[in-house]
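User: I would like to go through this model in questions and answers. Please give the cut-offs for each term as it comes up.

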Amino acid sequence: MTDLPPAAALLEGAHVVSIPMRVRFRGVEVREALLFEGPSGWGEFSPFPEYADEESARWLAAGIEEAYAARPTPVREVVPVNATVPAVPPDRVPEVLARFDGCTTAKVKVAEAGQSVDDDLDRIAAVREVMGRRAQIRIDANGGWDVETATEALRRSAAYDIEYAEQPCATVDELAALRKQLARNGIDVLVAADESIRKAADPLLVARKKAADLIVVKVAPLGGVAAALDIVDACGLPAVVSSALDTSVGISAGVALAAALPHLDHACGLGTVGLFTTDVAAEPMRPRQGTLAPRRVTPDPDLLAVLAAPPDRQKWWLDRLARCHPLLQRAGGPR
């Protein structure tokens with residue numbers, strides 16, 4: 001259990017940054033984050049703007065843990081990382097993949113609003129063409145399909161040898177129904193749960209309802225590395241660690257989680273700093289030869305100054321932290 005530092009200690013010296021994206025990703029064109037320093041290092045608070053304070057408080061707990069607590073002992077020296085392909089046209093796929101040095105796994109965004117399954121398949125085909133037959137390709141629908149659409153989309157996607165489909169449907173019941181449909185129709189695609197873990201009041205429901213073959217865990221939405229480790233242990237399913245579009249500070253916490261997992265059978269979605277035009281660290285957490293090594297990240301003061309958000313956005317983030325802090329206090333603080 002980490003003691004909850006006073007809000008004033010977090011707000012004093014906090015930095016709010018605004019980082020442009022190379023391509024639109026998850027509807028985001030500019031990523032904002034609040035960074036603060038504690039006795040153990042730097043922490044990040046960057047829940048997406050639409051998230052309510054109750055949900056955002058878990059992100060604050062994760063940032064406090066990173067800045068004020070010790071990390072778990074790693075059991076591996078490097079973590080394999082996947083490339084991430086946003087919902088771009090097929091002709092942009094080579095440009096995107098070129099930013100992920102040595103990655104042999106790619107996660108492809110699908111089910112984008114305004115696009116069709118045909119658009120998704122064209123993008124998947126382009127990734128397969130660039131990466132070759134030996135590469136692993138997984139797809140992420142962010143809950144964008146109903147069971148019928150997901151069944152048909154995965155039937156067609158299976159021709160490209162899909163490793164797994166991440167959150168193809170929005171609810172746990174839909175995921176469970178989809179797995180049954182896939183089995184009945186002989187469609188050999190695994191189902192991974194993401195939002196059904198990180199946004200759920202009961203993240204273990206996925207395991208109880210047999211709604212997924214594996215789970216995707218993210219440090220910030222789950223309230224920190226310790227909380228994520230507990231959830232993985234309780235679910236008893238293979239886990240993939242992914243980012244929440246973090247700066248290198250948040251990615252560093254994700255790598256710490258992945259390095260501490262007892263078992264890690266899949267590449268992790270921790271290479272997303274490559275989707276930014278720049279980063280807060282002079283040596284960003286970008287994969288080299290397809291891996292990342294666990295280390296703490298200290299932001300570069302000059303980059304913090306260059307990337308400083310406009311005054312109104314700084315106030316918005318500082319006010320948000322101030323609102324979330326008492327919610328953590330009532331909950332007994334971070335883990």
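User: How many bridges join strand E9 to E10, and in which sense do the two run?

Analyst: This is a predicted model, in which local features need pLDDT of at least 70, side-chain atom pairs count only at pLDDT 80 or more, and totals for chains, interfaces and linings use all residues. Residues are numbered from 1 along each chain as its sequence is written, and side-chain values use heavy atoms, with hydrogens and water left out. Strands (E, at least two residues) and helices (H or I, at least four) are DSSP runs numbered from the N terminus, and two strands pair if DSSP finds at least two bridges between them. Strand E9 covers residues 190-193, and the link to E10 is two bridges, parallel.

User: Which residue of E10 stands opposite alanine 192?

Analyst: E10 spans residues 214-217. Opposite alanine 192 in this strand is leucine 214.

User: Which residue in E11 is the bridge partner of isoleucine 215?

Analyst: E10 is also joined to E11, by three bridges, and these two run parallel. The partner of isoleucine 215 in E11 is alanine 239.

User: Are the side chains of E10 buried or exposed, and which residues point which way?

Analyst: Side chains in a regular strand alternate between the two faces of the sheet. Buried means under 20% relative accessible area, exposed over 50%, and partly exposed in between, with a 1.4 Å probe and protein chains only. In E10, Leu214 and Val216 point one way and Ile215 and Val217 the other, and all are buried.

User: How many residues of strand E6 are buried?

Analyst: Strand E6 covers residues 105-109 and is mostly covered. One side carries Thr105, Lys107 and Lys109, the other Ala106 and Val108, and both faces are covered.

User: What is the relative accessibility of arginine 123, and what does it touch?

Analyst: Arginine 123 sits in helix H4, residues 117-131. Beyond its neighbours within four places in sequence, its contacts (heavy atoms within 4.5 Å) include Val85, Val108 and Lys109. Arginine 123 counts as buried because its relative accessibility is 1%.

User: Is serine 252 buried or exposed?

Analyst: Serine 252 belongs to helix H11, residues 248-260. Leaving out neighbours within four places in sequence, it is in contact with Glu66, Arg71, Met285, Arg295, Arg296 and Val297. Its relative accessible area is 1%, so serine 252 is buried.

User: How far apart in space are leucine 303 and arginine 335?

Analyst: Leucine 303 is part of helix H12 (residues 301-306) and is partly exposed, at 22% relative accessible area. Not counting residues up to four places away in sequence, leucine 303 touches Thr278, Asp279, Val280, Ala281 and Ala282. Arginine 335 is 32 residues away from leucine 303 in sequence, and the C-alpha to C-alpha distance is 31 Å.

User: What is the phi of leucine 245?

Analyst: Leucine 245 is in the loop between strand E11 (239-241) and H11. With 2% relative accessibility, leucine 245 counts as buried. Leucine 245 is a residue other than glycine, yet its phi is positive, near 60°.

User: Where is aspartate 161, and what is its phi?

Analyst: Aspartate 161 lies in the loop between helix H5 (147-157) and strand E8 (162-166). At 44% relative accessibility, aspartate 161 counts as partly exposed. Aspartate 161 is not a glycine, but its phi is positive, at about 60°.

User: What is the radius of gyration of the chain?

Analyst: The radius is taken over C-alpha atoms, and the globule rule is 2.2 Å times the number of residues to the power 0.38. For 335 residues a compact globule would have a value near 20 Å, so the chain agrees with it, at 19 Å.
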